[in-house]
Amino acid sequence: MAQLTEDMAIVLRASPFKERDKLVTFLTENHGRITGVARNSIHSKRFGGTLDLFACSKISYKEGSGELVWLDEANLRRDFLKIREKLENISAAGYFVDLCLRLTEENHPVREVFMLLAHYLYLLEEHTATFEIVRSFEIKLLERLGWAPVLDECVSCTAPFFGEELSPEESFVTLATEQGGFLCHNCATPNARHIPLASLLWMIQARETMIQHTHTLHFPLDPMMEAAGTLQYFLRWHAPGLGKYRFRSHGMLEQFLLEAREDARELLASGAIGSMLGDPESFGEMPEMPPSGPDHGPDMRAPF
Ligand SMILES: [Zn+2]
């Protein structure tokens, strides 16, 4: 008889499996991402609301023969149903769980990511999603996965970006996704994406602000739009094989968030938001991360 494992878990994805079962992917507190079969869950009330998207439960499961586990029991701790009262919050939570689904690995513990997701789901029960909340989730997620971009100095010559008075050409840096940050104007490569330093400053602030205060942040639109596009590059860089995949509800979410902003009226009317927000269709040539490069393998992650 296989031993039961217990853990706290948030539903990232659920789909019907065979006739009566469901296949459910969870992010767990101590065992990373797991996918389990919930037997007889479609027509019976055995699992209640514990298999609904975003639900957080104490689950117990048995190891299966392959990667799949057998879900034995689930006790609901929080259904996060309040998130469903607002479209922008459903979209934000949908985007957050999809990021966690794509950027974590099966059976690789990432407790800090679990805690981050749980805190943001709580936040979305209390507050309406904003551009700033979403950016702060993205950058904190990169940080907790051990992939935080270097925001305060050049990744080539280590010249600090801030602290001295800057000439206009120095107020831009260029994106260097593969090196994990940005290049100063001396090290800049031609044709790389230019990012205003203001965007880096706002990203630093989003990273440093405590989760429960992120709803009070208000950043100017233009540098935040640049930050949004830049963060997509970093997120996608760490999830190889995505191709042109769009994160779940991401496009809809950005549209909702911009519509809520007075300062975005003109931009929305121009219809040019796709490329600014990092729509994968607009990426052109995207550097491909090696499938198991020595610097990006699981062992190089921050020790949690
Ligand atoms: Zn440099």
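In this predicted model, the site of the zinc ion is tetrahedral, with angles of 107 to 115° among its 4 donor atoms. The zinc ion is coordinated at 2.3 Å by the SG atoms of Cys 154, Cys 157, Cys 184 and Cys 187. Along the chain, these donors follow the spacing C-x2-C-x26-C-x2-C. Cys 157 is found in the loop between α3 (131-144) and β6 (172-176), while Cys 187 is found in the loop between β7 (181-183) and β8 (194-196), so the pair ties together parts that are 30 residues apart in sequence. Cys 157 is partly exposed, as its relative accessible area is 38%. Cys 187 is also partly exposed, with a value of 24%; a residue would have to fall under 20% to count as buried.

The strands β6, β7 and β8 belong to an open sheet of 3 strands, arranged in the order β7-β6-β8 with antiparallel pairing. From one strand to the next, the twist averages 50°. The antiparallel pairing of β6 with β7 extends over 3 bridges. Within this part of the model, Ala 176 has Gly 181 in β7 as its bridge partner.

Two helices lie across these strands. Helix α4, formed by residues 197-208, lies across β6, β7 and β8 and runs at about 60° to β8. Helix α5, formed by residues 221-237, lies across β6, β7 and β8 as well, and runs at about 130° to β8.

Backbone angles were also examined in two loops. Most residues other than glycine have a negative phi. Lys 18, a residue other than glycine, has a positive phi near 55°. Lys 18 is placed in the loop between β1 (4-17) and β2 (21-28). With a relative accessibility of 68%, Lys 18 counts as exposed, because the cut-off for this class is over 50%. Phe 54 likewise has a positive phi, near 80°, and is not a glycine. The position of Phe 54 is in the loop between β3 (33-38) and β4 (56-63). Phe 54 has a relative accessible area of 1% and is therefore buried, the limit for that class being under 20%. Thus a positive phi occurs at Lys 18, which is exposed, and at Phe 54, which is buried.

Note on methods
Residues are numbered from 1 along each chain as its sequence is written. This is a predicted model: local features need pLDDT of at least 70, side-chain atom pairs count only at pLDDT 80 or more; totals for chains, interfaces and linings use all residues. Side-chain values use heavy atoms; hydrogens and water are left out. Donors are N, O and S atoms within 2.8 Å of the metal (3.2 Å for Na, K and Ca); water is not among the atoms, so sites may look incomplete. Four donors count as tetrahedral if all angles lie between 85 and 135 degrees; four count as square planar and six as octahedral if opposite donors are over 155 degrees apart and all others between 65 and 115; anything else is irregular. Helices (H or I, at least four residues) and strands (E, at least two) are DSSP runs, numbered from the N terminus. Buried means under 20% relative accessible area, exposed over 50%, partly exposed in between (1.4 Å probe, protein chains only). Two strands pair if DSSP finds at least two bridges between them. Axes are lines fitted to C-alpha atoms, for helices over the stretch in contact, and angles run from 0 to 180 degrees between N-to-C directions. Contact means heavy atoms within 4.5 Å.
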